[in-house]
Amino acid sequence: MHQLSRQDARRIAVRAQLLDARRPTDLQDVVRHLTLLQVDQVQAVAPSADLVAWSRLGSGYAPAELQAALAARVLVELQMMVRPAEDLAFYLADMAAWDETTGRGEWEAAHRAWLQANDACRRDILHRLDVHGPHRGRDLPDTCVRSWGSSGWNNNRNVGRLLELMEARGEVAVSGHEGRDRLWDLAERVYPEVDVVPADEARRTRNELRLRSLGLARARATQTSTEPNDVGEVGEVAVVEGVRGQWRVDPSLLGQPFAGRTALLSPLDRLVYDRKRMAELFAFDYQLEMYKPAAKRRWGYYALPVLHGDRLVGKVDATTDRTKGVLRVDAIHEDEPFGEDVRAAVRAELEDLAQWLELDPVLPR
């Protein structure tokens with residue numbers, strides 16, 4: 001069992017996420033190591049996938065690189081995640097077994113029942129894609145006989161939910177984007193051919209890859225609708241000073257020298273995505289506040305967490321204004337008063353961000 005201080009744990013997490021001083025230089029290498037870039041079209045600053053890539057690669061990264069890799073099928077989009085095409089091998093077995101009971105929760109049975117009730121609509125979608133090629137979801141007719149019920153924004157968005165469940169079954173896939181709309185096509189025309197890895201082996205490999213990208217994670221964590229936050233029994237057991245319970249750690253990251261840097265992160269960056277882990281290791285208070293009324297926001301609509309070395313030290317309230325050609329920074333929130341070195345490093349990152357966006361920075365005095 002490895003005994004880690006919180007500083008040890010933070011440095012392992014930062015290094016694993018490619019956020020230490022040794023910047024990577026290749027987008028595909030970054031995605032292979034991180035295993036994913038989360039797709040989110042909110043452009044308060046820039047799409048999250050691009051922000052995550054910029055945080056690692058710097059302003060030499062061009063979003064066109066990501067689009068080219070997707071078009072070439074070197075990278076693929078799967079359930080709102082950009083992944084290396086070769087990693088499809090670790091998901092195909094679960095896709096094929098989607099109709100089987102997995103014991104993960106009542107919601108899975110409800111999803112299967114809803115899809116079965118709307119099987120005629122599903123078949124109609126497959127026929128239209130087969131004959132006419134890629135479609136936006138909004139252009140496919142809704143012939144569902146049972147509506148999707150939700151207390152959120154998905155309520156009655158039947159075709160969209162149906163397409164996502166069909167994607168989970170391996171029937172359809174995202175072939176591209178038209179503006180903010182996904183283009184859907186038959187999966188066999190989108191995904192490259194890869195050998196199917198048996199489900200148990202694939203699940204363990206996914207856990208190993210996830211632990212490599214996180215450095216340190218819980219064996220079990222609250223279920224999520226997207227990428228899990230836990231890693232099962234892979235890696236080695238560790239305890240973190242001052243934090244209850246056991247962790248799993250990638251042993252290849254233990255005992256390595258650490259040199260940090262300053263980085264501005266997407267709110268969906270994997271370093272902060274698991275808010276419980278973030279609070280336990282970094283003692284950082286943060287929420288994405290875009291869904292809150294403006295009067296109740298503490299840090300801003302799409303505040304960017306600030307990493308300095310192995311600590312999360314603040315948030316930047318920034319938005320792009322393309323009509324005026326500026327990156328407007330309304331506030332730099334300091335969790336504790338910044339020293340001059342931190343303040344200068346954050347401003348340098350903001351200037352680099354503006355340069356990458358081809359905008360003029362408007363910074364607070």
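Analyst: Here are the terms and the values, taken in turn. This is a predicted model: local features need pLDDT of at least 70, side-chain atom pairs count only at pLDDT 80 or more, and totals for chains, interfaces and linings use all residues. Residues are numbered from 1 along each chain as its sequence is written, and side-chain values use heavy atoms, without hydrogens and water.

User: What makes the radius of gyration of the protein chain agree with a compact globule?
Analyst: The rule, over C-alpha atoms, is 2.2 Å times the number of residues to the power 0.38. For 365 residues that gives near 21 Å, and the protein chain has 21 Å, so the two agree. The C-alpha trace spans about 65 × 55 × 40 Å along its principal axes.

User: What share of the residues is called buried?
Analyst: Buried means under 20% relative accessible area, with a 1.4 Å probe and protein chains only. Of the 365 residues, 52% are buried.

User: Which strands form the open sheet, and in what order?
Analyst: Strands are DSSP runs of E, at least two residues, numbered from the N terminus. Two strands pair if DSSP finds at least two bridges between them. The order is β5-β7-β6, with antiparallel pairing.

User: Why do β5 and β6 count as edges?
Analyst: β5 (135-136) and β6 (172-178) each have a single partner strand, so one side of each has no neighbour in the sheet.

User: How do you know that β5 pairs with β7?
Analyst: Two bridges join β5 to β7 (residues 181-186). The definition asks for at least two, so they pair. Leucine 183 in β7 is the bridge partner of arginine 136.

Definitions and conventions:
Buried means under 20% relative accessible area, exposed over 50%, partly exposed in between (1.4 Å probe, protein chains only). Helices (H or I, at least four residues) and strands (E, at least two) are DSSP runs, numbered from the N terminus.
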